[in-house]
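Here are my notebook entries from an afternoon of looking things up. Keep the structure open beside you and follow along.

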Amino acid sequence: MNVQEIDSLLPAGSYYFSGNEAATEGAIAAGCRYYGGYPITPSSEIMERIAVRLKEVGGVFMQMEDEIASICSVIGAVWAGAKAMTATAGPGFSLMQEAVGYAAFTETPLVIVDVQRAGPGTGQATRVGSGDHMQAKWGSHGDYQVITLSPWSVQEMYDQTIEAFNLAEQYRVPVFLMAEEAVGHLRERMDVRPKVKILNRLKKKGAPPFGTPEDDGVPPMPSFGEGENLLVTGSTHNEVGIRKTDDGNAHERLVIRINNKILKHRQSIIKTEAYSLDDADVVVISYGFTARSALFAVERLRKEGKKAGLLRLKTIWPFAEELICEVGKKAKKIFVPEMNRGQIAGEILKYAECDVVSYCQTDGEIIHPHKIVEEMRSLL
Amino acid sequence: MARDLEAYLRSDVKSTPFCPGCGHGILMNAILRAIDELHLPMDKMLFVSGIGCAAWIPSPNFNADTLHTLHGRAIAFATGAKMFNPELKVVVISGDGDLTSIGGNHLIHAARRDMDMTVICANNMIYGMTGGQVASTTPLGASTATSVDGNIYRPFDLCKLVQAAGASYVARYSVTQVVSLKEAIKKAMSTKGFTFVEVLSPCPTQFGRRNRYDAPTDMLKTLMESCIPVEEVERLSGEALKDKIVTGEFIHG
């Protein structure tokens with residue numbers, strides 16, 4: 001893995017950005033030099049800003065004819081050597097799912113920012129939701145893994161976009177920044193550091209680009225035009241890329257590796273934050289914008305002398321199952337407030353042995369801090 | 001494949017996947033011969049294809065970078081690769097169902113953008129790989145697995161479609177017109193902008209057997225009889241043009 005510390009293109013210092021602007025700057029800082037996109041609320045500001053920024057840094061911007069073309073053009077650009085991304089919201093994310101599976105199976109590193117809105121269907125385009133987590137995990141057919149991150153602030157829209165590119169390159173996998181409308185449109189202060197740590201894909205001339213001796217390895221990745229006579233296909237393929245559509249062993253080997261390369265390394269991928277967790281009787285497990293309300297609630301309840309704690313999931317997939325198992329052994333109750341009908345609470349139920357209380361709100365509004373205070377107080 | 005073109009093929013690929021009587025082998029030959037005569041370096045070429053029989057012409061046969069994509073999306077993938085690395089000579093080779101039905105939107109938009117790439121559409125007028133279903137290019141009245149009483153919808157005129165969308169070079173030839181076909185591919189590959197060659201390629205397995213062509217040669221003979229040069233169209237009356245396929249260059253570049 002080629003790790004670089006580079007000077008930030010944006011002068012170091014404080015900025016007053018919206019989340020969508022911050023994600024754009026994170027992408028530019030991480031080395032994104034191709035963007036293919038299609039307008040959709042509430043993500044369009046990313047496309048508008050990156051159209052200008054890519055021109056400034058010598059990258060390529062394409063507004064495509066639809067979201068399917070957007071993600072497919074991103075995959076094409078990545079194999080031509082780019083770090084590339086697109087941004088979208090629920091309906092566009094749905095359209096992209098076939099290509100997500102293609103990217104996972106061909107081990108194409110790319111980033112999608114999904115600024116989630118209230119679904120399903122066209123839903124409420126300008127209002128907040130967080131209902132795309134299961135789709136992010138299971139949206140395409142077949143068995144594969146992706147990595148998804150869940151930012152709670154404008155700072156994290158910047159930091160996690162950089163991290164998304166680094167993880168994509170490290171594991172040759174699609175990485176999704178699962179933003180929510182509330183953080184995409186939030187404006188607050190964020191800091192740009194003078195140096196940015198970036199990871200670049202591994203290249204090794206002549207090495208097979210689609211196989212490793214290990215069952216959890218990440219092969220090196222050449223680009224088109226390097227004389228490698230690359231064979232990229234979304235059909236089952238062997239380590240050099242030859243189609244193996246009748247070979248059960250080849251399929252099994254490939255499917256296992258693209259799953260294992262993420263799952264077996266989940267401890268180094270997953271990031272969480274704990275607040276007042278050690279002695280907590282009631283633990284709120286939260287992610288994304290809702291975790292801001294959850295932190296307020298925990299601080300308020302602690303002031304009242306109540307033993308409340310917060311576990312914040314910065315990574316949603318792969319899932320922090322070991323940690324949740326541990327929390328479930330110590331806590332009396334786990335409270336899970338979500339802007340969906342309990343998508344992550346259902347996952348927590350699989351691993352926590354204590355009571356798990358799901359709180360669902362799907363009215364296109366953020367979950368108010370006082371609501372979480374009230375609900376947790378009733379559990380303490 | 002002719003011996004003199006072996007260098008263009010991967011040494012570990014021993015046979016083509018096409019059915020007996022399929023026209024795609026002739027098309028493969030015409031494409032490689034065009035590249036050979038133009039002296040295009042294969043290490044700077046990118047062949048992109050979608051899903052279907054024609055998508056297997058370049059992948060894995062051609063000794064160059066190949067990108068075998070999703071059904072219908074070849075042109076969208078190709079657009080990203082070409083835009084990021086303009087040094088690549090991008091050629092999309094795929095079928096009629098792939099490029100013009102499921103992928104129709106990408107086709108017209110790439111033509112509208114005059115995206116610098118060559119698209120070669122192998123038109124067998126049917127969905128071959130999936131078992132012979134009606135396509136957007138199936139002639140009126142033709143019998144298919146999903147139009148057993150005859151196709152009731154008009155087919156696209158692909159050349160007119162792409163021409164209207166703004167392509168820089170547009171031609172149609174049949175695999176029975178091998179020299180003209182090769183010359184058209186050469187012209188398409190050496191013209192800047194979006195260039196399109198529609199290639200009529202018979203599918204005896206799926207189309208022929210359902211439409212009273214008893215042998216692959218019957219399909220080839222019918223193709224030879226129905227193709228008329230575009231220059232002759234003006235001299236012929238409406239009745240004489242019935243069931244004819246107009247071939248030639250429609251936009252010269």
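**Entry 1: overall form.** I began with the radius of gyration, which is taken over C-alpha atoms, and with the globule rule, 2.2 Å times the number of residues to the power 0.38. I also noted at the start that this is a predicted model.

For 253 residues, a compact globule would have a radius of gyration near 18 Å, and chain B has 17 Å, so the two agree. I then looked up the span of the C-alpha trace of chain B along its principal axes, and I wrote down about 45 × 40 × 30 Å.

I did the same for chain A. With 380 residues, the rule gives a value near 21 Å for a compact globule, and chain A has 21 Å, which agrees. The C-alpha trace of chain A spans about 65 × 45 × 40 Å along its principal axes.

**Entry 2: what each chain is built from.** I counted 14 helices and 18 strands in chain A. Chain B has eight helices and eight strands.

How much of each chain is buried? In chain A, buried residues make up 56% of the 380 residues. In chain B, 52% of the 253 residues count as buried.

I also looked at contacts with a separation of 6 or more. In chain A, 75% of them are between residues 24 or more positions apart. For chain B I noted 65%.

**Entry 3: the domains of chain A.** Chain A is divided into domain 1 (2-200) and domain 2 (272-379). Their centres, taken over C-alpha atoms, are separated by 26 Å. I found 23 residues of domain 1 in contact with 20 residues of domain 2.

Which element gives the largest share of the domain 1 side? Helix 6 of chain A does, with four residues. Elements that give two or more residues to this side include strand 7 (124-128), strand 9 (174-180) and helix 8 (181-184) of chain A. By residue type, the domain 1 side divides into 12 nonpolar, eight polar and three charged.

**Entry 4: the largest nonpolar core.** I wrote down a general point first: in soluble globular proteins, nonpolar side chains tend to be buried together.

Here the largest nonpolar core has 195 residues. Among those with the most contacts inside it are I75(A), V284(A), A81(B) and I120(B). Domain 1 and domain 2 of chain A both give residues to this core, so it lies between them.

Leaving aside neighbours within four places in sequence, I120(B) is in contact with I31(B), V91(B), V92(B), I93(B), I185(B), V197(B) and V199(B).

**Entry 5: where the chains meet.** The contact takes 34 residues from chain A and 28 residues from chain B. On the chain B side, strand 2 (65-68), helix 2 (74-84) and helix 4 (104-113) each supply at least two residues. Helix 2 of chain B gives the largest share, eight residues. The chain B side divides into 12 nonpolar, 11 polar and five charged residues.

Strand 12 (residues 231-233) of chain A pairs with strand 2 of chain B in the parallel sense over three bridges. One bridge to find on screen is V232(A) with its partner L67(B).

**Entry 6: backbone details.** Where are the cis peptide bonds I looked up? One joins T41(A) and P42(A), with omega about 5°. P42(A) is in the loop between strand 3 (34-37) and helix 2 (44-57) of chain A. Another runs from W317(A) to P318(A), with omega near -5°. P318(A) lies in the loop between strand 16 (315-317) and helix 12 (321-330) of chain A.

Next I looked at positive phi values. D114(B) has a phi of about 50° although it is not a glycine, and D114(B) lies in the loop between helix 4 and strand 4 (117-123) of chain B. M125(B), also not a glycine, has a positive phi of about 65°. M125(B) lies in the loop between strand 4 and helix 5 (158-165) of chain B.

Is each of these two buried or partly exposed? A residue is buried if 20 or more other C-beta atoms lie within 10 Å of its own, and exposed if 12 or fewer do. D114(B) has 15 within 10 Å, so D114(B) is partly exposed. M125(B) has 25 within 10 Å, so M125(B) is buried.

Definitions and conventions:
Residues numbered from 1 in each chain as written. Chains lettered and ligands numbered in written order. Predicted model: local features only at pLDDT ≥ 70, side-chain atom pairs only at ≥ 80, totals over all residues. Core = buried A, V, L, I, M, F, W, Y, C linked by C-beta atoms within 7 Å. Domains from an automatic or database assignment. Contact = placed C-beta atoms within 7 Å. Nonpolar A, V, L, I, M, F, W, Y, C, P; charged D, E, K, R; others polar. Pairing = 2+ DSSP bridges.
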